[in-house]
Amino acid sequence: MIKPKKKQYQNKMEQLIQNKRQEHLELLNQLEKLEIQQPTKDIQLIKTITQQQKKEQDIEIIATQQLVSPKWLMNLKPTMTYECDVVIQEESELDQIVKHQLKEKIQKQKEMQQQAYLELINELDLQSKHHAYDEKVKEDFKCTYQYMSQGRLVSIDIKYYDFLKLNPQNYVNDTIINFFLRFIENDIFKNKSLLIYNTYFCTRLLSFHAEYKQIYTQYLQNNQMLQRWTKENIFMKQYVLFPLHLREHWAVIFVVNPLQVCEQLCNNNYQLSNDMNKNGYLIYFDSLLIQDQRIGIQIKFYLMHVYNQEHKKYSDDQIYEIVMRSTFPVHQPIVPRQTNLVDCGLYMLEYVERFLMNPNQILNNLEQDHLKWFPKVMIFIKRILIKKILNALSSGQKDYAIRYQENCRMIDQQFTDSNQYDYIDEQLLEQLQVPRLQFHLSEDYNYYYDVQPSVGV
């Protein structure tokens, strides 16, 4: 009796198991169908997105191939970028001792050189002892510099806090930068074909997104406000200057003959004429030799939108494509390089002044290095001379202030030997026995960084 019941129970269990297996098989079949369909949908979705973005991707690929001249510079390791990893290499004890000795020697030479030029500057000041370098300004110091801009009187107030930024080991601020640029524009060069934008405009102009499309989107959002700042016809100018504040670092771009630049952008035909007045140039000066394609491209966006306001030829999308597909280069000459963490603003001002003194020196030699364009000690001297200008203006002695360029020429006359242009570097170069360009561009041979800088770049 028990055996038949057991047999009956086993049969029932086998049937249940068979039914479950069948259900599982059906579920597996359905799952396989879903898995086959889902990748197909994913592939279709990817294809759709790819088709929508293909044009933008193609344009961005072309943009990344634009070269900053000189072309060989792009093959060198950049001296500093904002997105790089810091790699610290272990040094032998002997290397550390040698570097320490070199640094001490350089520091003594710098102090002797600076003292010599302080004496020279004071000699130039004999007619007005009131402006001695060691004069201390009071906390209520204020200098109001006034100039005419588009038929109206504009003022820049420089106060005690701003004045202190001219002391060594301080990072100069927007107020000092804007004051000095206006001073040389209106009282030194007085060039009607020169237009200098202020730093606040350029801060609004630039963005630092990773992708060009994001950069352009933000630019369009700011475009209406930017165009309100453009009250002068920039295409009647020969030189348009953009002082750039790049995340606590100063640099500058000169646009030479902006009308020719835009026409060459539209035609995508970059050919230099023998007549420099018929050529357009974008020239980027940077004391850290930062190589960032985005900077020049954003200047081109702006120039093309100003150009299009008059000609009404292109849509926003067409302007984007014109700029991104253009092979028009941004020239980046090799210039005297910043050798501490705080002087980028002074170097930028010196580049501006030197270029305006003799533009052909750069334009005729864009592919050459300009390492001896001016001695690095001029950066130290520049802090002193700007202080003297402010002291003179604050006490109503504008005639003394505008002697600034005369003083600069007299200082330049002291550099009769070309080796004096970088005396300290020449000494190091001889001891290290490395190629000149490698020495100037590589951080490995830069012993000028201060141990405890007050402000970092």
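Q: Why is Gln361 called partly exposed?
A: Buried means under 20% relative accessible area and exposed over 50%, with partly exposed in between (1.4 Å probe, protein chains only); Gln361 has a relative accessibility of 32%, and therefore counts as partly exposed. The model is a predicted one, in which local features need pLDDT of at least 70, side-chain atom pairs count only at pLDDT 80 or more, and totals for chains, interfaces and linings use all residues. Residues are numbered from 1 along each chain as its sequence is written, and side-chain values use heavy atoms, with hydrogens and water left out.

Q: Where is Gln361 found, and what does Gln361 touch beyond four places in sequence?
A: Gln361 is found in helix H11 (residues 359-363), where helices (H or I, at least four residues) and strands (E, at least two) are DSSP runs numbered from the N terminus. Not counting residues up to four places away in sequence, Gln361 touches His370 and Trp373, a contact being heavy atoms within 4.5 Å. Gln361 and Trp373 are 12 residues apart in sequence, and their C-alpha atoms are 9.3 Å apart in space.

Q: Why is Asn257 called buried?
A: The relative accessible area of Asn257 is 8%, which places this residue in the buried class. Asn257 has its place in the loop between strand S6 (250-256) and helix H7 (258-267). With neighbours within four places in sequence left aside, the contacts of Asn257 are Lys237, Gln238, Met276, Asn277, Lys278, Asn279 and Gly280.

Q: What makes the approach of Asn257 to Asn279 a polar contact?
A: A polar atom of the Asn257 side chain lies 2.6 Å from the backbone oxygen of Asn279. A polar contact is a pair of N or O atoms within 3.5 Å; within protein, one atom must be able to donate a hydrogen and the other to accept it, and residues adjacent in sequence count only if both atoms are side-chain atoms. The separation of 2.6 Å therefore meets the distance condition.

Q: What makes Glu350 and Lys382 a salt bridge?
A: Their side chains meet at 2.8 Å, N to O; Glu350 lies in helix H10 (residues 344-357) and Lys382 in helix H12, so the pair ties together parts that are 32 residues apart in sequence. A salt bridge is a side-chain nitrogen of Lys or Arg within 4 Å of a carboxyl oxygen of Asp or Glu, so the pair qualifies. Glu350 and Lys382 are also linked with Glu353 and Arg354 in a network of salt bridges, and by this rule the protein has 9 salt bridges.

Q: How do you know which class, buried or exposed, Asp292 and Arg294 belong to?
A: Asp292 has 15% relative accessibility and therefore counts as buried, while Arg294, at 10%, counts as buried too. Asp292 forms a salt bridge with Arg294, in which the closest N and O atoms are 2.7 Å apart.

Q: What is called a nonpolar core, and which residues have the most contacts inside the largest one?
A: A nonpolar core is a set of buried Ala, Val, Leu, Ile, Met, Phe, Trp, Tyr and Cys residues joined through side-chain atoms within 4.5 Å. The largest has 65 residues, and those with the most contacts inside it are Phe179, Phe285, Phe355 and Leu390. Helix H12 (residues 377-394) gives the largest share of this core, 12 residues. Apart from it lies another core of 43 residues, including Ile234, Phe242, Tyr302 and Ile322. Leu390, with neighbours within four places in sequence left aside, is in contact with Phe141, Cys143, Ile158, Phe163, Leu166, Ile176 and Phe179.
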